[in-house]
Amino acid sequence: MIQLTNIEKYYANKGVKNYVLRLVTTTINQGEFVSIMGPSGAGKSTLLNIIGMLEEPTYGTYHFMGEDVTSLSERKRIELYRNHIGFVFQAYHLIDEMTVYENIEAPLLYKKVGSAERASRIADLLDRFNIVAKKDLFPNQLSGGQQQLVGIARALAAQPSIILADEPTGNLQSAQAEEIMSLFKKLNEEEGITIIQVTHSEKNAQYGNRILHIADGVVKEDVAVLS
Amino acid sequence: MFKLNLKIAWRNLWKNKVYAAINIGGLALGLTAFVLMLLYINYEKSYDNWSPDLKNVYQIREKHDFFTPDNKEHWQEISNSRIAGIIKESVPQFTAVTKIDQEWGNGFSVKIDHADPVMVKGIKDADSAFFNVFPYQFIQGTAANALKEPNTVVIKQSLANKLYGTDHVLGKEFKLVRWRDDTGNSLKITGVIADVNTPESIQFNAVSHTGDQDHDPDQIGSSHYTQIYAKSEGDIDTLSANKSLQKVYVDFKKKSFAAEKLSFKDVYKDGKSPGLKAISLKDVHPNPPFSLNWLDKLKPVIGISIFLLVVSIINFINLATAQSVQRAKEVGVKKVLGAYKKQLILQFLIESTLQSISALFLSVILIEILLPAFNHQFNITLSFWHNEYLFSIVLQLIAVFIVVTLLAGCYPAWILSNCNPVSVLKGNYGNSLKGITLRNVLVVFQFIISVTFIIAIGVMHLQTKYISGKDLGFDRDKLINLRTGYDQNFADKIRRIPGVQYVSTTTQVMGNAFNNKSKIIYKGREVNLNGVTVTMDALQTLGVKLVSGRLFAKEYVQDTINSVVLNEAAAGLLGKNMVGQTYGKVDYQGKTITFQVVGVIKNYHNEGFDKAVLPTVYKVSNLGGTSNTNNLLVRFDTKNYKGVINKIEGEWKKLYPDFPFQYQSMDDAFSEILEENKRFMNMIVLFSVVSVSLSLLGLFALSTFVAKRRTKEIAVRKVLGASNFQIVNLLNKSFLILVVTANLISWPIAYILVKKWLEGFAYRIELPLYPFLLSSTISIVIAVLTVSIQARKTAIAEPVVALKYE
């Protein structure tokens, strides 16, 4: 599904190249649950951003579902966002001016899903995440864990084939973190959604089935998790 | 999607209520000023537009120097009445020509049966061809027959209703008395015409045909000046028509000069030339013969209102972009959810549209509220909803609205939709300084406008104080003008009333001045002076100040023959020690008459302060020609002259029962002269208050956002030990630089503008420095106060909150 070949990312500063990523080559298949781990500044988030096409690599090729996306037009990229990729952020990034319901609805509107279909999908998600009662609240009226649930519901609404999560539990207490991680695991196992997450926590990484260890921009280790 | 965007827009506005109010309110103010101006311009443009047939109506203008304020040649609206006949005979392009007499004085007296006489303004005396030229719509009577006979009158419906309470007045008669001892004409109403719905350059309530306009003066040497209008059948080539007009005019002049034994060359020298032309009626109002036309008069106001609109748009942009920090996250998230940039731009444009629509509604309300005051200020009747051209005004309004919305909305929309999702989602967008330069420039621009306004107010205030306190050269206290001709019998009667000190007449008094050119020869040199005929004690009545020599007095026999008094301006032209000197004047028969100067008086004002006092010679004698106009001056020797006036009115009623008594005090005449200036000043004050408050609101909002944006920096500084005062200073400093820059830029701008304004006055103050200093101080102080309110709030906040947030 994702094929990265010799991906490099550097910032040139006074003729000196500061590498963030160096010759990263890896393949992630449909249905995998990959955790990217490493110390601060290792390039984890940059790698995730490149996978999410939020940043462009300075060098290397990137195939997403068999398509070369290093030189993709904005329009095509947005099509991919609409249909295949869901993002989950550490700071949740819900839109403050929208209610829970509207936040989940937003991607469906961009995807031009019909209103009946929209209503049933949202109802389904609200139900599944147990937040039906909160649908008319605004994000600032929710706890962090609840906000992240909404964030995930929003990411799932468009029925993406892959979810990219940047430290999804970074701002949460451990009980809530566990809840979120089990949810990810369930989504991966039961619905076959590919998940790539960046995390600091060894414990969270264990929920997945593969860990990429990164240090100083280089993939040091690529190990499978034995369940 | 659209519905959701509207909802978000609404929630955002609600969340930032204060800023939204500032935004909308500011824009509404700017729009209001602009729309009022639009209405005014539409009004001025609608002159003489009440019938499509008016495009074939022309006004005839003759170039001459009679009745001019400066004794120079102008293309004038009044022409020698003989010209009408000549056009009828020899210019075939014009199929109908009519003469309309000028209106003299303050209206005419109308006496219906035995009722008290009432003054009616706008009764124009014309010849029988008036309705052949002007296509008025008759409610009663017919255009062809109405004015056929002499002593007939056609009145407008509104006047009919006012005089009789009905418009069924055909065949009724009233007595028209045009001056106080006029025997009067009994006029028969032969027609009622509909009032027109646009302003007219020939304003009238009734057109009479007394027969006076049917003949030209018998003597070749005397002429009668009237307005002349001509009508063509269909479109004509104005250029060739004007060529024929010029030709017949020169022929006519040559012929009449020959009869008067004058040489054509002698009359038309010193750059003077004969001239006659026809201008289309629609060009009459935009081209007044002496004063500036309305567009030129209005230019500063148009400029100001555009500026106000720009200031409010700037505020709008400023606040919207400042808010972009808050909205950035929404944009970033929406981008990764799959929104096109186009959709985002559209969303933000919809938001600005929402705000500008609210502003538009608010401004329509404001216009409704302000219109009466505005009408009063400009002495016109504008209306919005009942406007004849509502459709076109609404179109213009929509155009303005679209331009404003695009101007105000595009930049913020572009800035917002352009933000990079990665940096936004990482959370450091708020710290970026993008757009701050532009915002600073905009704030500087706003302050330049505001400071310039404040300086202008200061200088205008000083100038107004100067002219209202200026020595007029005569004593305006206890002096009234009866606005009527001098009659020895009546004057003697009121002289005998106790409390009356002097009774006299002159052509030169404030409120009614009439200039008459008089060429004299002094020591072989030809000098043009303004010649004024006065009665013996006119100068005493005015209370002018003597510089040297003496004023006219009964004791000197020669005063009724050849004594003259000069004013200082005239004396200055001729030389020093003028008292006792003599000069010559050639009368129309070619004889030279010698006059002797007996006194020199201080210049006194009889017109606005924009005009210099003309070099003038005063004489009692009627040698060398006289001039007179309706001024009867009465000076009292008591402050309490109300009772004396009643007694004068009693005498008046005995002598002139058919003409109402009226008078104007010199104090009122003086206030009238100051009026126009006062109006302009009031408007500038109003506009500057609006502009300054808009700028302050803008600054307030901007400082709030900057303070918010620097929250972290401030928290860190506090942790490092900065005091609250130091923090307030820190925030103030960045804004102070902007305000000081704005001051530096606005000084030269204000200097140029104010200097130009002052140059419009013949009597003016030296450009003072202190309005400049004052306005800079004011602007800096209020800017510091405005910023400090916000800065203090941020400064006293607990640093933990800000630091934890990161």
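**View 1. Salt bridges across the whole predicted model.** Counted over all chains, the model holds 32 salt bridges, a salt bridge being a side-chain nitrogen of Lys or Arg within 4 Å of a carboxyl oxygen of Asp or Glu. This is a predicted model, in which local features need pLDDT of at least 70 and side-chain atom pairs count only at pLDDT 80 or more, while totals for chains, interfaces and linings use all residues. Residues are numbered from 1 along each chain as its sequence is written, chains are lettered from A and ligands numbered from 1 in the order in which they are written, and side-chain values use heavy atoms, with hydrogens and water left out.

View 2. The side chains of A:Arg82 and A:Glu79 form a salt bridge, with N and O 4.0 Å apart. Both A:Arg82 and A:Glu79 belong to helix H2 of chain A, where they are 3 residues apart, about one turn of the helix; helices here are DSSP runs (H or I, at least four residues), numbered from the N terminus.

**View 3. The interface of chain A and chain B.** In this interface 25 residues of chain A are in contact with 24 residues of chain B, contact meaning heavy atoms within 4.5 Å. The area buried between chain A and chain B is about 2,500 Å², and carbon and sulfur atoms give 62% of it; buried area is the accessible area (1.4 Å probe) that two parts lose on being put together, summed over both. Of the area that chain A buries against chain B, A:His93, A:Glu97 and A:Tyr110 supply 29%, more than any other three residues.

**View 4. Charged partners between the two chains.** Between chain A and chain B there are 3 salt bridges. B:Lys7 forms a salt bridge with A:Glu102, and their closest N and O atoms are 2.9 Å apart. On the side of chain A that touches chain B, the elements that give two or more residues are helix H2 (74-83) and helix H3 (100-110) of chain A, and H2(A) gives the most, with 6 residues.

**View 5. The largest cavity.** A search of the whole structure finds 6 cavities of 30 Å³ or more, a cavity being a set of points on a 1 Å grid over the protein atoms alone where a 1.4 Å probe fits but cannot get out. The largest cavity has a volume of about 220 Å³, a volume being the space filled by probe spheres set on the points. Of the 20 residues that line the largest cavity (lining residues have an atom within 4 Å of a point), the closest to its centre are B:Ala320, B:Gln323, B:Arg327, B:Glu351 and B:Gln355.

Key. On a 1 Å grid over the protein atoms alone, a cavity is a set of points where a 1.4 Å probe fits but cannot get out, and a pocket is an open set with protein on both sides within 12 Å along at least five of seven lines; lining residues have an atom within 4 Å of a point.
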